[in-house]
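Thanks for coming, everyone. I'll walk through one structure today, so please keep the sequence and the 3D view open.

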Amino acid sequence: MSTQTVAIVSHRFGYGFYRQAWWNWLIGSAFFFGEIGAGFFLVSQLTGNFTGMVLGYLIVMVGKNTAHLKFLGRPMRFWRAALRPDRSWIARGIWATGLFGVSGLALLLKNSGQISLSDSTLALANTVASLSALFIMFYDGFVMNFSHAVPFWHSSLLPVLCLTYAALGGTTLTITLRELQGVHDAYGVVLLRTEFVLLVLNLLLLLIYVKRMSSSQVAAARETVRLLVKGPYAKVFIGLVILVGLVATLLLSLAQNQIQQNWLAVVIATCELTGDYAFLMVLLKSGLFSPQTAPAYARG
Amino acid sequence: MARLGMVIDLKRCVGCNACTIACKQENGTPAGVHFARVINREVGTYPNVKRTFLPVLCNHCDDAPCLKACPTGATFQRPDGIVMVDDDSCIGCRACAVSCPYLNRHFIDHGMLQKGLSDDGLTPFEQVKFAGFQEGTMTKCTFCAHRVDHGLQPACVITCPTEARIFGDLDEENGILQTLIRERNSWTLLPEAKTKPCVYYLDE
């Protein structure tokens with residue numbers, strides 16, 4: 001069965017690929033805020049930037065959680081989503097976000113001098129905050145890749161891609177914040193090099209992902225690649241995700257290495273975040289379910 | 001304990017959608033929600049063209065992905081294999097819908113239960129039936145569990161004018177279902193999804 005002969009149908013009585021319409025921009029926004037917020041917090045924590053930690057914490061706890069609650073059909077029952085961490089990545093994510101909320105708040109209060117913590121408690125809070133932030137950076141990749149029903153998402157590369165995007169977003173935001181704060185220390189060079197490596201890595205991973213899916217045995221995955229590369233999402237995917245989000249960001253960050261300008265740092269962050277958000281949105285929008293088919297029916 | 005399942009004989013199906021209507025009437029689902037539906041497709045090239053019909057409903061999979069994706073445990077499987085949703089536990093995250101390769105999950109969006117099929121508000125029938133749904137939660141085919149529990153067959157089965165649907169115990173040794181599955185060319189939808197569906201199809 002060739003993908004050219006099967007259309008994308010708009011209703012469930014028709015035969016063809018079915019669009020994934022369950023998870024919309026609110027879920028995309030929640031994933032985006034979770035990834036960049038946790039990345040921002042973690043990188044700021046590692047480089048000792050208190051303001052970055054506060055901003056990262058707020059992006060996760062306000063941005064991500066608000067988007068999730070707004071999306072839920074029954075938001076007042078959200079706590080029930082934590083009941084099955086043994087089998088659901090969503091439940092694990094809720095636990096990680098909860099742990100991040102408590103340990104992150106403890107760290108922020110300690111750093112602002114509002115509370116005092118013993119050395120062992122501080123070490124525990126640091127460890128839990130770091131690990132939970134790391135988990136928030138990639139768990140949405142597992143939430144999506146758990147679905148066999150949307151073949152384009154069902155790849156072990158997706159959580160890796162989410163992690164590298166989150167690390168990239170966190171690094172870029174930390175660099176921008178430091179530029180705006182006028183902080184120039186030994187971390188500056190390390191962060192710029194890390195950003196460069198992550199940009200190249202993201203670009204490679206994204207190309208490998210699309211290449212692998214283009215030769216997938218499942219027609220729905222190949223059809224999604226067609227939508228991304230030649231179809232209606234090509235402008236967003238190639239234009240925003242690849243050219244603006246990765247290529248332009250890479251070139252501008254090379255220029256930033258030379259001229260170190262505040263405004264350029266803001267432009268780089270804007271480009272990177274635009275690409276990151278566009279990536280998550282296009283990933284959700286281009287997801288397709290396979291046609292309901294079996295040997296006799298597919299024979300045509 | 002029986003393991004309930006269904007066999008659908010495509011040789012008999014005429015694509016009349018009586019199952020769709022019977023299900024709609026039995027379960028009183030809101031507009032746009034169809035637990036049972038018939039996918040139709042034109043195949044062949046002129047002049048040898050025909051229309052084929054594929055009646056679909058929840059497969060009540062033995063290894064149901066919707067059950068594994070549900071973070072609250074609202075989706076559960078009864079001992080007889082029927083996969084159900086507990087409305088009171090569902091948070092409407094739609095993870096089950098994203099994980100079901102058969103698109104047999106339905107979201108009762110806000111406002112759906114205030115709008116009937118006609119423009120004149122809810123009919124008395126809709127008022128009664130819609131009371132069984134909760135906005136902001138997922139719903140799905142239950143194999144008409146409320147009927148099965150009283151020894152009756154699902155609405156789509158008793159309504160089918162060509163008796164294309166056969167409902168019963170998949171584990172019954174030499175029962176009608178096992179015999180048909182064994183002796184006719186049977187298959188399940190999307191076997192590559194490895195969900196072990198309990199709805200089997202017999203070839204045209």
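**Inside chain A**

Let's start with A:Phe289, which sits in strand β3 of chain A, residues 288–289. Helices here are DSSP runs of H or I with at least four residues, strands are runs of E with at least two, and both are numbered from the N terminus. A word on the source: this is a predicted model, where local features need pLDDT of at least 70, side-chain atom pairs count only at pLDDT 80 or more, and totals for chains, interfaces and linings use all residues. Residues are numbered from 1 along each chain as its sequence is written, chains are lettered from A and ligands numbered from 1 in the order in which they are written, and side-chain values use heavy atoms, with hydrogens and water left out.

Is A:Phe289 buried or exposed? It counts as buried, because its relative accessibility is 0%. Buried means under 20% relative accessible area, exposed over 50%, and partly exposed in between, with a 1.4 Å probe and protein chains only. From A:Phe289 to A:Gly16 is 273 residues in sequence, yet 8.8 Å in space, C-alpha to C-alpha.

Next, A:Ser286. It is in the loop between α9 (262–285) and β3 of chain A. A:Ser286 is also at 0% relative accessibility, so it counts as buried. What does A:Ser286 contact, leaving aside neighbours within four places in sequence? The partners are A:Thr224, A:Leu227, A:Leu228 and A:Tyr233. Contact means heavy atoms within 4.5 Å.

Now helix α1 of chain A, residues 25–47. Its 23 residues should span 33 Å at 1.5 Å a residue, and the end C-alpha atoms are 32 Å apart, which agrees. The expected span is 1.5 Å times one less than the number of residues. Of the 23 residues of α1(A), 20 are buried. At its start, a side-chain oxygen of A:Asn24 comes within 3.0 Å of the backbone nitrogen of A:Leu26. Just after α1(A), A:Gly48 has a positive phi of about 70°.

The whole structure holds 11 salt bridges over all chains. The rule: a side-chain nitrogen of Lys or Arg within 4 Å of a carboxyl oxygen of Asp or Glu.

Look at B:Arg3. It pairs with B:Asp62 at 2.6 Å, N to O. B:Asp62 lies in the loop between β3 and α2 of chain B and B:Arg3 in the segment before β1 (4–9), so the pair ties together parts 59 residues apart in sequence. B:Arg3 also bridges to B:Asp171, with the closest N and O atoms 3.1 Å apart. That pair is 168 residues apart, with B:Asp171 in the loop between β8 (165–169) and α7 (176–183) of chain B. So which residues form a network of salt bridges? B:Arg3, B:Asp62 and B:Asp171 do. B:Arg3 is partly exposed, at 22% relative accessible area. B:Asp62 is partly exposed too, at 34%.

**The interface**

Last topic: chain B against chain A. Here 53 residues of chain B contact 39 residues of chain A. Together the chains bury about 3,900 Å², 60% of it on carbon and sulfur atoms. Buried area is the accessible area (1.4 Å probe) that two parts lose on being put together, summed over both. In chain B, B:Arg41, B:Val98 and B:Leu103 lose the most area to chain A, together 19% of what that side buries. How many salt bridges cross this interface? The rule finds 0.

How values were computed:
Polar contact = N/O pair within 3.5 Å; in protein donor to acceptor, adjacent residues only side chain to side chain.
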